[in-house]
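Please read them alongside the coordinates.

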Amino acid sequence: MTATIGHFINGQLVTTTGRMQDVHNPATGESERSVLLASKQTVQQAIDSAQAAFPAWRNTPVLKRARVMFKFKQLLEENAEYIGQLIGQEHGKISHDAAGEIQRGIENVEFACGAPQLLKGEHSKNVGPNIDSWSEFQPLGVVTGITPFNFPAMVPLWMFPLAIVCGNTFVLKPSERAPSSTLFIAQLLKQAGLPDGVMNVVNGDKEAVDELLTNPTVKAVSFVGSTAIAEYIYTTANAAGKRCQALGGAKNHAIVMPDADMDNAVNQLLGAAFGSSGERCMALSVVVAVGEKAGDALVEKMQQAMSDLKVGAYSDATNDFGPLISCQHRDKVSGYLSSAEQQGAKIVVDGRGTKVKGYDNGFFIGATLIDGVTADMDSYKAEIFGPVLQVMRVDTMQQAMQLIDGHEYGNGTCIFTRDGEAARYFSDHIQVGMVGINVPLPVPVAYHSFGGWKRSLFGDLHAYGPDGVRFYTKRKTITQRWPSSGVREGATFAFPS
Ligand code: NAD
């Protein structure tokens, strides 16, 4: 019998009758659990619970709100191994990779613990005679997060700790493909002392999402997922009058300059291209070699290094990466490899047909290297989201930058070089939101903010960090005068100055 994954509403685990979906273990290919898909009514129940909890939570002193986060951080650390197992069972990522994701999530909780400092506001005395002015940052009310399968712990942790500590209440809709770790994490909040109703989780699909996007009680939507859905979320939420930040897909290029330390670049590229099976929005999926010599050296060294990579199940920490999320996705990735071949590229290392002993039905594909890729190929235009690295060759750094700037996505990028002047020019001018200089995965730490440019982000504010505080609060500016007793001021009709 398969276990059923329900919802977390008003501090209780809730199961309902209705639609369900299988949740697969991608290493075995088997479905060991199924997840309930919330109806409109179940989502309404979660929103009602968040709305009822809002007035008291908004008025809870910020220090007390932060104390819940301190305790929550401790519980996450104590339960990190178990959370990693849940992620491995449903996403397939190896235990060391899951541990990294959980740690990056915890760092967002640590940032949220600083809420008393973050929400202090701004104050100006004597902006006019006997007049003081200040700005404070008030919570929005019920806010929602909709998250993807590839970081079931970290991406939700980008959102709700900060939103909650700012005084909002939350309804989270995690990915229906990897829901268990997210649901477990939400329950830890109750253990940390969060009042019932402040945090709610509804599992589901489009039906649940559409209710969250249009329900008038919901004030803001944070979304992370693919670009097509991000654009839909952003336009729908905006049309319903909600604040929205919608982070989308990516195609992250690395430039390898002729002066780069090639061995170091290859090692960095291995992890950044194939780690988590390439199912990361910051994965490096294209490497642009500047100069024919650099291109040849890169392909030769990559090919050698890739022969040592180990693919397998999450529980064996000696594996480098695991399976893809589903067999449909594996077929899609394979399809891009076939199309690259048909369109004239050369598959140097082919991961299709990779078999893992004892896991015959797993959704595995091995690391793949494609050379001779050009900008008109379908495999170049699309986000493949698999363990596939495509090599392009150009003559100058300017040509490499034109390629990157010409791509529809602008999430992350990296330059490998020893030339500070080139690196500085690159980071200053490239049209990408997160830039690495000899750093392949430049994911900002929790006290900066995360976001791409172009079609990798719809909205003005990036996720978490200082932008997160702004996103989950609205500014109110108060101007106050206490006239000296006995002073009567006459009416003035000019604009106050
Ligand atoms: P997805 O877009 O398929 O799903 C994301 C969320 O949207 C899920 O909760 C899903 O239930 C919901 N959803 C899916 N289809 C919907 C629809 N038609 N209407 C309403 N809601 C819908 O993304 P995914 O496959 O889970 O995740 C992978 C994608 O996420 C990749 O494109 C990756 O680049 C992107 N991603 C981006 C970032 C970032 O920070 N920019 C981070 C992680 C993942």
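1. Phe385 has a relative accessibility of 15% and therefore counts as buried, the cut-off being under 20%. This is a predicted model, and the remarks here should be read with that in mind. Phe385 sits in the loop that runs between α13 (378–381) and β17 (388–394). Its phi is near 60 degrees, which is positive although the residue is not glycine. Most residues other than glycine have a negative phi.

2. Ser276 is a second case of this kind, with a phi near 55 degrees, again a positive value in a residue other than glycine. The loop that holds Ser276 is the one between α10 (262–274) and β14 (284–290). Is Ser276 buried or exposed? Ser276 counts as buried, because its relative accessibility is 3%.

3. Helix α9 (residues 227–239) is made of 13 residues. From first to last C-alpha α9 reaches 18 Å, close to the 18 Å expected at 1.5 Å a residue. Gly241 follows α9 and has a positive phi, near 80 degrees.

4. Which residues of α9 are buried? They are Thr227, Ala230, Ile233, Thr236 and Ala237. An α-helix has 3.6 residues a turn, so residues three or four places apart point the same way.

5. Helices α2 (residues 62–78) and α7 (residues 180–191) have axes that come within 9 Å and cross at roughly 130 degrees. That angle makes α2 oblique to α7. The crossing of α2 past α7 is right-handed. On the α2 side the contact is made by Met69, Phe72, Leu75 and Leu76, and on the α7 side by Ile185, Leu188, Leu189 and Gln191. By class, the residues of this contact are seven nonpolar, one polar and no charged.

6. Asn126 belongs to strand β6 (residues 122–128). Setting aside neighbours within four places in sequence, Asn126 is in contact with Ile131 and Asp132. How far apart in space are Asn126 and Gln480? Their C-alpha atoms are 9.7 Å apart, while the two residues are 354 residues apart in sequence.

Definitions and conventions. Residues are numbered from 1 along each chain as its sequence is written. This is a predicted model: local features need pLDDT of at least 70, side-chain atom pairs count only at pLDDT 80 or more; totals for chains, interfaces and linings use all residues. Side-chain values use heavy atoms; hydrogens and water are left out. Axes are lines fitted to C-alpha atoms, for helices over the stretch in contact, and angles run from 0 to 180 degrees between N-to-C directions. Helices (H or I, at least four residues) and strands (E, at least two) are DSSP runs, numbered from the N terminus. Angles under 35 degrees count as roughly parallel, over 145 as roughly antiparallel, 65 to 115 as roughly perpendicular and the rest as oblique. A crossing is left-handed if the near helix is turned anticlockwise from the far one by less than a right angle, and right-handed if clockwise. Contact means heavy atoms within 4.5 Å. Ala, Val, Leu, Ile, Met, Phe, Trp, Tyr, Cys and Pro count as nonpolar, Asp, Glu, Lys and Arg as charged, and the others, Gly among them, as polar. Buried means under 20% relative accessible area, exposed over 50%, partly exposed in between (1.4 Å probe, protein chains only). The expected span of a helix is 1.5 Å times one less than its number of residues.
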